[in-house]
Amino acid sequence: MKAMQIPIIKSSPSFKKGSIPRQKTQYSGWLWKKGVLNKGSLTSRRWFEIKGDQLYYFKNKGDSNVLGEIFLPGNEIVKLNTTADLNGKYVFEITAGKERLGRPVTMCSESLLLGASSPMELEGWIKALNRVIYSPFGGGMFGRSIAETVKIDSLKGGGMVPIIVEKCVEFIRKYGLDVEGIFRVPGQQEDVESLKSAFNKGENPDLHIEKHKIDVVASVLKQYIGDLPEPVIPSENWDQFIAVGALHSINPSAALAKIEYLLQRIPRVHYNMLKYLCRFLFELQLHCESTKMSVSNLALVFAPNILRPQNNEDPENLLKSLASANATTMALIVNQNILFPVTPDEKYYQPIAVSDEKETLNAIYEDKVNSFHASKGFQPLKRSLSESSIFAGLDETRYAHNFENHVYEERYANERLNEMNERFDVEEIKSQFQTQLNELENKLESELKIREMLKMRLYDEHKARVAAEERLEQYRIGIEEYCKKFGGIDVSLS
């Protein structure tokens, strides 16, 4: 019996208002597409929105009447040119993926051509579409938040940082610590895009020195960090960390104490990512004689990616704050042993092994889960991603691990509080603040008394004025009556 093919796009005026699902819009913007009558070029400008796993388009922004929808999972995005075509458009294609060969992307075509108006728009759309297509396979990490990537990677054996970061760092740690110009010399663009695409499609490629060049892996790592929608140090903390960089050249010890304080206020996944990178960069700068990459050079390369302000920041202010950003990044790297002490939860996350023999991520995940349960007295869990019971095993492991994290974080917070008490003599500071507070309260009380006295004085003056006006009015009435009775008396003042 022949299977029925379900069309993936519906282009019909029969869509009713409100037929679009009430889902959050993940990405939106203007794109060019082929018109119904013009099959040769992209002449129709339409408003596109990604909601869930669908791409919808409308005639105008804000319309509720859907002109068409494209089901994204199973398809692929192909960038057709890196420069504008003859009509000034940057074209890409939505085509059927390997799992959907022979099935149409649109009702009457096996692919759909779309055009962006700039290279930035082109890259933005490709990243957004790839996140929807490849997220179910653990891909689509370029342009996705650290927290979301770590959450998805946890289903495939990921640890405290995204798998792509761990794989690239461990590869460089094994083969690239003595490579001259590491992170400064870019890899060949074609190779970088190929490796980036493999990660982005959820293939989790094994890195081998015979197949992958050091500069290519370094470029992919740098691009991943640079593409994060929220930088490693969140944008809302930009001003505070920049101020610390300026302070570091004047008072390094005070700046270090301030950095410790600020690090406790960034999200945990960002803290873990920053800790991992700073430890790696510290190790790398120890080989600066071979790499020619001193800690200042590494800070110059990574500062724009680690510490990035909001998009609307004034370019002139960015240029002025560049030196402070570099100083902050250098302080983070050089003092990583103080700022990022080893914590008990790290022992559950062993680095991904880099070997010449092919090793699947599933096997690594199984080893980690089994070692964790063995340490807790549980029987080893023999599971694979193909087993239907995998999610139950993951929930059991995650529950036990989250409990350990909760106990650790409470103990760790108490230890940090004790350290802060010893360093800054909190009791003395509290005493000083209390003295100042008492002085302010006394001053405020005196001012309130003066204010009440002035109010009473104004009230008494007001009463006296009213009484005087009443007496004058009585005098005027009496004089008028006298004049009416006896007449002829001029009572004017002139």
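Mentor: Start with α8 and α10, which run roughly antiparallel to each other. This is a predicted model, so treat every value as computed from it. The angle between α8 and α10 is about 160°. Anything over 145 degrees counts as roughly antiparallel, so this pair qualifies. The axes of α8 and α10 lie 10 Å apart. α10 covers residues 295-306. The crossing of α8 and α10 is right-handed. On the α8 side, the contact uses L274, L281, L284 and Q285. On the α10 side, V295, L298, F302 and I306 take part.

Stay on α8 for a moment. This helix spans residues 268-285. N272 sits in it. Is N272 buried or exposed? N272 is buried, because its relative accessibility is 8% and the cut-off for buried is under 20%. Leaving out residues up to four places away in sequence, N272 touches M160 and V161.

α4 covers residues 189-200 and α5 covers residues 214-226. Their axes are 9 Å apart, and they pack at an angle of about 60°. That angle makes α4 oblique to α5. The crossing of α4 and α5 is right-handed. From α4, the residues in contact are D191, V192, E193, L195, K196 and F199. From α5, they are V216, V217, S219, V220 and Q223.

K89 lies over the face of W32, at 4.5 Å from the ring centre.

That brings us to the rings. The structure holds nine aromatic pairs. One of them joins W30 and W47. Their ring centres are 5.3 Å apart, with 75° between the planes. The W30 and W47 pair is edge-to-face. W30 is in strand β1, residues 25-34, and W47 is in strand β2, residues 42-51. The pair is 17 residues apart and links distant parts of the chain. W30 counts as partly exposed because its relative accessibility is 27%. W47 counts as buried because its value is 7%.

Now take F171 and Y175. Their ring centres are 5.1 Å apart and their planes meet at 55°, so this pair is tilted. F171 and Y175 both lie in helix α3, residues 163-175. They are four residues apart, about one turn of the helix. F171 is buried, with a relative accessible area of 0%. Y175, at 24%, counts as partly exposed.

Rings also gather into a group. Y27, F48, Y57 and W125 are linked by ring pairs into a cluster. W125 ties back to W30. Setting aside neighbours within four places in sequence, W30 is in contact with W125, E121, R45, R46, W47, K59, N60 and K61. For R46, there is a distance too. W30 and R46 are 16 residues apart in sequence, yet 5.7 Å apart C-alpha to C-alpha.

V78 counts as partly exposed because its relative accessibility is 30%. V78 and I94 are 16 residues apart along the chain, and their C-alpha atoms are separated by 6.5 Å. V78 touches F92, E93 and T95, not counting residues up to four places away.

Last, the whole chain. It has 15 helices and seven strands. Of its 494 residues, 40% count as buried. N272, W47 and F171 are examples of buried positions we have visited. Take the contacts in the chain with a separation of 6 or more: residues 24 or more positions apart account for 65% of them.

Definitions and conventions
Residues numbered from 1 in each chain as written. Predicted model: local features only at pLDDT ≥ 70, side-chain atom pairs only at ≥ 80, totals over all residues. Heavy atoms only, no water. Phe/Tyr/Trp six-rings, centres within 6.5 Å; stacked < 30°, edge-to-face > 60°. Helix = DSSP H or I, 4+ residues; strand = E, 2+ residues; numbered from the N terminus. Buried < 20%, exposed > 50% of the residue type's maximum accessible area, 1.4 Å probe, protein only. Lys NZ or Arg CZ within 6 Å of the ring centre and 35° of its normal. Axes fitted to C-alpha atoms, helices over the stretch in contact; angles between N-to-C directions. Parallel < 35°, antiparallel > 145°, perpendicular 65-115°, else oblique. Left-handed = near helix turned anticlockwise from the far one by under 90°. Contact = heavy atoms within 4.5 Å.
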